[in-house]
Structure formats: structure tokens, C-alpha cells
Amino acid sequence: MTTNTVDLVDYDEVLEKFDPVMGLEVHVELHTNTKMFCGCPTTFGGEPNTQVCPTCLGLPGALPVVNKIGVESAIRIGLALNCEIAEWCRFARKNYFYPDQPKNFQTSQYDEPIAFNGYLDVELDDGEIFRVEIERAHMEEDTGKSLHVGGADGRIHGADYSLLDYNRAGVPLIEIVTKTIEGTGERAPEVARAYVTALRDLLRALDVSDVRMDQGSMRCDVNLSLMPKGATVFGTRSETKNVNSLRSVERAVRYEMSRHAGVLLSGGSVVQETRHFDESDGSTRSGRLKETSEDYRYFPEPDLVPVAPSREWVEELRGTLPELPWQMRNRVQKEWNLSDAELRDLVNAGALDLIAATVKAGAPSGEARSWWVAYLTQQANTQGVDLADLAITPAQVARVIALVAAGDLTNKLARQVVDGVLAGEGEPDAVVESRGLKVVSDDGALLAAIDEALAAQPDVADKIRDGKVAAAGAIVGAVMKTTKGQADAKRVRELIIQRCS
Amino acid sequence: MSTEPPSITRDEVAHLARLARLTVSENELDVFAGQLGDILNAVAKVSEVAGADIPPTSHALPLTNVFREDVVRPGLTQEQALSGAPKSEDGRFAVPRILGEEA
Ligand SMILES: [Zn+2]
């Protein structure tokens with residue numbers, strides 16, 4: 001254990017003296033039906049040890065068989081990250097003694113990853129594109145979950161014993177590793193966050209994972225070292241494990257930069273170790289000393305034969321790639337005639353995908369944009385949730401827009417329908433029905449209301465008859481009042497003028 | 001190819017013992033270093049037979065791409081899963097605490 005008391009160096013001073021060097025490792029759990037090497041289900045939240053079998057429990061004699069969708073997903077991820085796909089590769093055993101894998105090894109890939117040498121272009125907050133080079137994406141399996149019993153803080157140090165649930169052991173994981181990221185300077189934390197964000201959006205578009213960082217289906221390890229300005233040799237790196245939100249990725253990089261600088265400027269040397277990120281204060285603390293890769297004694301997995309994707313299969317999978325996030329952005333920018341700044345605002349507000357989905361459901365882009373960035377954004381702010389988490393789907397918004405276009409709803413009534421959907425009252429049509437929100441389009445009913453209003457305000461009626469059409473406003477107001485706002489004001493005005501001519 | 005006979009040092013044996021979580025006495029380190037060296041030498045004979053044109057073999061059968069459809073198959077019940085465990089609690093395997101390590 002190393003001590004946790006460090007002098008953090010002010011961020012500006014770090015940058016005056018050092019250049020940050022980063023490497024990001026992202027683990028993503030695939031949302032296949034079954035585990036990577038056995039037919040156990042992968043659903044989240046089951047009773048402990050009810051989604052296990054002899055294979056994932058490492059019982060003697062059990063043999064693994066590779067999940068085809070796991071391999072296909074790995075290849076599709078590799079292709080989307082502009083990687084080369086191996087013509088032939090093997091699984092390897094990564095040996096270690098820790099009870100989160102009952103086999104005492106993790107089935108992974110070592111020097112023969114299925115995908116390698118790619119890149120992801122990442123858009124920063126100001127629209128600048130930063131290319132992150134991808135070293136590899138390989139297939140492996142998740143570990144079980146440990147619960148440490150006893151001890152002061154429920155963590156392992158001081159724990160009396162540990163309890164293991166192997167439901168998650170064997171769930172397919174893809175580990176995506178960047179090449180060394182240099183040249184970011186002060187933007188290192190931002191680049192890290194933007195990369196993980198872009199990767200998450202990409203994986204979501206590929207529909208290979210739930211990519212829920214809060215539930216652990218996407219996790220990020222941050223490798224960081226500092227190089228004194230002008231130096232050519234990398235410094236010693238630390239690896240901060242399991243950073244579990246986009247904001248935390250940014251904070252972890254920033255904290256480690258300040259901490260490394262503190263160690264280096266006080267004449268110390270950085271220890272190569274695993275560190276844990278503390279969400280509460282954004283700090284990291286020392287974990288175990290890092291074992292070297294030789295210590296894992298990797299060797300080819302004898303129980304699994306090599307994977308040799310034919311070029312035909314790879315091309316077939318390339319054909320299944322959906323429109324990727326950046327392609328979608330380029331397309332809608334042209335189609336909707338957006339400036340770079342307008343597009344960026346929609347992306348940053350989390351509205352772009354929702355608007356695109358609303359347009360896909362049949363709404364004109366102008367109306368779709370207007371609903372999401374105005375009224376729905378207000379509702380999200382009031383509720384304190386992200387736009388995407390509002391209880392209304394793009395298809396429902398598109399339906400409301402269609403009802404307005406058909407003249408069945410006014411904009412005011414449409415907002416009430418949306419309120420009803422948000423309140424859990426069902427589909428837009430059901431809300432219209434149950435709240436009685438349909439526009440009064442029956443001219444007979446409107447004329448009756450108009451006649452009543454004209455009779456009540458004879459002086460106004462005379463003015464309109466004298467040609468002062470502006471006076472009709474008062475009658476429109478009265479009619480809207482009697483119809484409880486469920487009339488089309490334009491139609492009411494037309495009828496009033498007809499009536500008085 | 002190196003002609004030097006492979007050997008294993010006492011320190012390497014100690015390191016391997018630590019990785020395997022085995023307690024090995026000072027005396028045993030010498031014994032195992034000798035025995036493991038003999039095993040390495042015996043295995044190294046294979047390299048004398050196999051020329052550079054013979055790729056290392058990791059699998060006995062010339063098979064690739066053996067896959068399974070992504071369909072759930074019945075596994076074990078919790079009771080069955082835990083039946084061989086020396087100790088369990090709340091449906092989970094109970095294991096001794098692990099000192100100074102965390103995955
Ligand atoms: Zn299983």
C-alpha cells in the first residue's frame with residue numbers, strides 16, 4: 001500500500017511543466033441472450049447463482065463453446081472503429097488467483113485480438129475533431145460479483161470474508177483499448193470524456209450493448225502518465241479502474257494529472273499501480289500493485305478452437321452496420337439545413353437522436369425540433385431529468401405533431417396532450433379521448449357560440465359590421481372561452497366575419 | 001535457435017510459487033528449481049525435432065469457427081450450484097478474505 005497523502009498541483013502548473021499521456025480501456029458487456037462460452041442467461045438482477053452452469057462455474061470436465069453473436073458483435077464493433085479484422089485468432093487463458101473467476105483464469109485474447117489498428121474521430125465541445133487511434137478490440141468474459149463482509153467500509157481491506165455471485169461470470173465482454181493518446185495538452189480530460197461519449201453512442205447505434213455506465217455494462221479504465229516538457233520517454237503510468245460515468249472519466253484524468261505532478265515535483269517517482277476512483281470527491285486511491293502481463297502466464301486456450309472469420313463473413317457483417325452517429329449527424333445537418341453551431345447545440349442538449357427518431361416516425365423536422373428543444377426541454381428541466389429520460393417517445397411526439405397538422409389539435413391542446421402522456425395517461429390518442437381535448441371543428445357548434453357572443457356584445461358586433469375587423473378579437477376570445485380553448489381561432493375568426501358581413 | 005539448455009532459477013521458482021499462491025520452503029525452492037529445469041529440458045527436446053517450418057501447435061484438431069447459437073440452455077439451480085461449496089451464505093459462495101489484493 002502506498003500512502004494517499006499527496007500534494008495536488010494546480011492544473012495550470014501541471015500543464016506548464018508536463019505533457020499528459022493517456023490510454024483508455026473500455027469494457028463493454030454485450031447484450032446477448034447468453035454468456036460468451038455457455039448457454040446461461042445474461043439478464044441483470046437475478047437471484048445470486050441462478051444463472052450458472054458447470055462451464056461458467058469452472059467445474060471439472062465442463063467445456064466452453066463460443067457464442068456466435070459474441071463473435072459477430074466483436075467484428076461489427078471492430079469494423080465500426082475502422083479496425084482490421086484478424087484472419088485467424090485464438091482465445092487465451094489469463095491466469096490469476098482471485099475468486100471472481102471460479103476457473104482461476106479469465107478466457108480472453110492476448111496477442112491475437114479479433115480487431116486491431118483502428119480509430120475513432122471524436123468531436124470536442126467546440127466542434128474540433130480529435131482522432132483517437134484504436135490499438136485493439138478483443139473478446140473476453142466478465143467476472144462474478146464479490147460482496148465483502150465485515151470490515152469497516154465494506155471494501156476488501158479488513159473484510160472478514162467475501163461472498164461470490166457468479167451470475168455475471170462469463171457474460172461476453174469486449175475490451176476496447178486505445179493507442180497512446182498524446183498531444184491533447186490541457187484538453188486531456190475533455191478528450192477522454194468525448195472519446196467515451198462517442199464510443200457509447202457508437203455502441204448504442206450498433207445495438208450490441210445496453211452501454212449503461214451506471215449499471216456497469218460499460219466501464220472505463222484510465223491509464224495516465226506525465227512527461228516533462230521536452231522529454232521523449234513516457235513516465236510511469238497509473239491505471240484508474242472502473243470509472244463509471246462520463247463526468248468521472250474527465251475528473252479522473254484531471255485528478256491523476258495533478259497527483260502525478262505532485263509526486264514528480266516533490267522528487268518522488270510514480271508507482272505503477274491500479275487505483276480506485278472515488279465518486280464522492282473525484283479523487284483516486286491506491287489499489288494493488290500492477291502485475292506484469294508475464295505474471296498472468298497467458299497461453300492459448302486449448303478448449304476453444306481458433307476463430308477464423310472469412311472475408312465474406314466480415315463483408316456480410318459490414319453490410320449490417322447501421323447508420324453510425326457521425327453519419328447521421330452529417331445527414332441531418334444537410335437535410336435540416338443546420339449550421340455547425342445549431343447542430344452542436346442539439347447534440348449537446350441530447351436532443352439530436354430524439355429529433356431524428358421523431359422525424360423517422362413521420363414528423364417534419366421543424367416541428368420535431370421545436371417540440372424537443374422548447375416545450376419538452378422545459379418539462380425535462382422542471383422534472384430535473386435528461387431529455388431522453390422523459391416519459392414520452394419520439395413516436396408519441398410524432399403522433400401529437402400529426403394530430404396538430406390534421407387540425408385535430410391546436411398547439412395549446414397539443415401541449416395538454418403531451419402533459420397527459422408525460423403523466424402516464426397513455427398514448428396521445430388515448431389522452432385526447434380521456435381529457436376530451438379534440439378541437440371543436442363542427443361549424444354548427446362554433447356558430448352557436450359566435451351568435452351568443454355577438455348577442456352579448458352588440459356594440460362590438462356593430463363595429464365588425466362597419467368593417468372594423470380588428471374588433472373581432474373580442475368575440476374570438478369569448479368563443480374560445482365557451483369552447484374551453486378547443487376551437488381553432490383562425491376558423492372562428494373566419495366564421496365571425498362571414499356572420500357580420 | 002538457442003542451443004543453451006533451458007534452466008530455471010531459484011528466484012523464478014519463488015516468483016511462480018507466489019503467483020500460484022503456494023507456500024514453498026527455502027529447501028523446496030532448490031529441489032523444485034532442479035526438477036522444473038529437468039522438465040524444461042525434456043520438453044525442449046521437441047524443439048530439436050521440430051524445424052522452423054513447423055508452426056507451434058495449440059490445438060490437436062484442424063478445426064476453426066466452432067460456434068453456438070445464442071440460445072439459453074438450462075443451467076444449475078442455486079442449490080445445485082452451491083452443493084459442492086465448503087461454505088455458502090445468502091445464496092452466494094463464501095470464500096476467505098483476500099489480503100492486499102483487489103481485482
Ligand atoms: Zn454457464
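I began with the open sheet, in which four strands run in the order β8(A)-β9(A)-β3(B)-β2(B) with antiparallel pairing. Its edge strands are β8 (145–149) of chain A and β2 (88–89) of chain B, each of which pairs on one side only. The model is predicted, so I noted its limits: local features need pLDDT of at least 70, side-chain atom pairs count only at pLDDT 80 or more, and totals for chains, interfaces and linings use all residues. Residues are numbered from 1 along each chain as its sequence is written, while chains are lettered from A and ligands numbered from 1 in the order in which they are written.

I wrote down the terms. Helices (H or I, at least four residues) and strands (E, at least two) are DSSP runs, numbered from the N terminus. Two strands pair if DSSP finds at least two bridges between them. Strands of a sheet pair through backbone hydrogen bonds, either parallel or antiparallel.

Next I looked up where the sheet passes from chain A to chain B. Strand β9 (residues 161–165) of chain A pairs with strand β3 (residues 92–96) of chain B over four bridges, in the antiparallel sense. In this pairing I found A:Leu163 with B:Ala94 as its bridge partner, and A:Tyr161 opposite B:Pro96.

How many residues of chain B are in contact with chain A? I found 35, against 44 residues of chain A; contact means C-beta atoms, placed from the backbone, within 7 Å. On the chain B side, β3(B) gives the most, with five residues. That side divides into 15 nonpolar, nine polar and 11 charged residues. Here Ala, Val, Leu, Ile, Met, Phe, Trp, Tyr, Cys and Pro count as nonpolar, Asp, Glu, Lys and Arg as charged, and the others, Gly among them, as polar.

I then turned to pairing within chain A. Strands β1 (residues 18–29) and β11 (residues 218–228) of chain A are antiparallel over 11 bridges, with A:Asp19 opposite A:Met227. Four bridges also join β11(A) to β12 (residues 238–243) of chain A, again antiparallel; there A:Leu224 stands opposite A:Ser238.

My last entry is on what A:Ala192 touches. Not counting residues up to four places away in sequence, A:Ala192 touches A:Met22, A:Leu24, A:Val222, A:Val249, A:Glu250 and A:Val253.

Key: Contact = placed C-beta atoms within 7 Å.
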